[in-house]
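Me: Hi! Could you walk me through this protein, step by step?

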Amino acid sequence: MNYLDSLYWIHERNKFGIKPGTKRMEWMLERLGHPEQNIKGIHVGGTNGKGSTVAYLRAALVENGYDVGTFTSPYIETFNERISLNGEPVSNETIVELVTRVKPVSEALEEETEYGTATEFEIITTMMFLYFGALHPVDFVIVEAGLGIKNDSTNVFSPIMTLLTSIGLDHTDLLGPTYLDIAKDKGDIVKPKTPFIYAVKNEEALKYLGTYAEKQQAPAYELDKDISVVSQEDEFTYRFKDYELENIALHMLGEHQKENAALAITALIILFEEGQIHLDFNKMIKAMENVSWTGRIEQVKAEPLMIIDGAHNNESIDALVDTIKNYYHKDKVDILFSAVSGKPIHHMLEDLSEIANQVYITDFDFYRAKPKEEIAQEAENFNPILIDDYNTFIENYEGDTLVITGSLYFISEVKAKVDFEK
């Protein structure tokens, strides 16, 4: 198989959809010799903020001299970035090698068991564990969870640290309709006697997680209780135990990014206190300040101003709106919006209406993408304009500010197809 053949085989798994449960993962990993047992892994879950938190952790550890593997999803610019080494996507040759090893195992899974066919996400997760656990060992692997935790494909290893960035009402059809339901699912990230750091806002979810961590005898550290973030315009002060770090100025904008960075700092301090890493605090802060994360409130053009953001639920839309108002000082902007099925589209657009001058709706080439006509039915109150060709629309846009948002998959396609230099 060559690289394109490998990608085709992986993406073909899309047709098998989402299959909650870890039995297929466990079977394949056992057949491969349990590579997941060989990694020193940090598990990061949450509704929003996972990718940024992974990026902060990775940058600080690399700056302190460690080899760090990361597993993130979805990809924005290239498929290979889902499995990265020190921030660089693995090579095409590595993808081919991993598929060559995993493909026969997935075929054996289908032939020898009643578990059915492995999904795309299960295949990629297995590839990641095989790479970092057997083919290319590293000092640390930071694993971003996919959908929930309890039945997520990543929930098959024993981490040295767990982080839960947030809990929001997303994927309620699979995780449950309430914050407590989702907390019970995502709370499965807590492992016995393993440090747990979390930034959950909902009181019912907070209470559940605190009680569950206590039952698991997991040292738990809660944002706004054990960890403090004192915001001062573009900078913030971080406080935890006897540590105080002042004048931290992140490249990534938004109050939510300060909280994500605080979780990452706490994780590193705990590892430092446990003697698992040496830590130069100046290098840690410098690395985090320089982090950028593609597709997260990313300015792609200055004149006219164009910003892309992968906000895909109510909470991330709220963070986007706050950042546009407080950091870009824009009261009204034009919105180019598209989304996948199953999202609270009406509520997302309702939140965007706080800053929206005109809402434009389009669609994109993805199997779960919602047709623009169906999105428009949920957006009647916002007098939307339907756009057939978003590429031409963006290139000919003559307004003041355009924010492109609604789905990480959407902005991934936009970045691949649109030349923002024109």
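Me: Anything to know before we start?

Reply: This is a predicted model, in which local features need pLDDT of at least 70 and side-chain atom pairs count only at pLDDT 80 or more, while totals for chains, interfaces and linings use all residues. Residues are numbered from 1 along each chain as its sequence is written, and side-chain values use heavy atoms, with hydrogens and water left out.

Me: Great. In what order do the eight strands of the open sheet come?

Reply: The order is β4-β3-β2-β5-β1-β6-β7-β8, with mixed pairing. Helices (H or I, at least four residues) and strands (E, at least two) are DSSP runs, numbered from the N terminus. Two strands pair if DSSP finds at least two bridges between them.

Me: Which strands does β2 pair with?

Reply: β2 and β5 run parallel and are joined by four bridges; there, Phe71 has Val143 of β5 as its bridge partner. With strand β3 (residues 83-85), β2 runs antiparallel, over three bridges, and Thr70 is partnered by Ser84 of β3.

Me: And which way do the residues of β2 point?

Reply: In strand β2 (residues 68-71), Val68 and Thr70 point one way and Gly69 and Phe71 the other, and all are buried. Buried means under 20% relative accessible area, exposed means over 50%, and partly exposed is in between (1.4 Å probe, protein chains only). As a general rule, side chains in a regular strand alternate between the two faces of the sheet.

Me: What about β6 and β7?

Reply: β6 pairs with strand β7 (residues 196-198) in the parallel sense, over three bridges. Leu163 has Ile197 in β7 as its bridge partner.

Me: Now the six-strand sheet. What's the order there?

Reply: That open sheet runs β12-β13-β17-β14-β15-β16, and its pairing is mixed. β12 (298-301) and β16 (385-386) are at the edges with a single partner strand each, so one side of each is left without a neighbour in the sheet.

Me: How is β17 joined to β13 and β14?

Reply: Strand β13 (residues 305-309) and strand β17 (residues 401-405) run parallel, joined by five bridges. Ile307 is partnered by Val403, and Ile308 by Ile404. Strand β14 (residues 333-337) also pairs with β17 in the parallel sense, over four bridges, and Phe337 stands opposite Thr405.

Me: Are the residues of β17 buried or exposed?

Reply: Five of its five residues are buried.

Me: Switching topic: which residues touch the most others in the largest nonpolar core?

Reply: Tyr238 and Met284 do, in a core of 47 residues. A nonpolar core is a set of buried Ala, Val, Leu, Ile, Met, Phe, Trp, Tyr and Cys residues joined through side-chain atoms within 4.5 Å.

Me: Which element gives the most to this core?

Reply: α9 does, with 10 residues. Apart from this core lies another one of 37 residues, including Trp27 and Val96.

Me: What is Tyr238 in contact with?

Reply: Setting aside neighbours within four places in sequence, its contacts (heavy atoms within 4.5 Å) include Ile227, Tyr243, Leu245, Ala262 and Ile269.

Me: And where is Asp67?

Reply: Asp67 is in the loop between α3 and β2. At 37% relative accessibility, Asp67 counts as partly exposed.

Me: What about Glu315?

Reply: Glu315 is in helix α11 (residues 314-326), and is partly exposed, with a relative accessible area of 25%. Glu315 and Met127 are 31 Å apart, C-alpha to C-alpha, and 188 residues apart in sequence.
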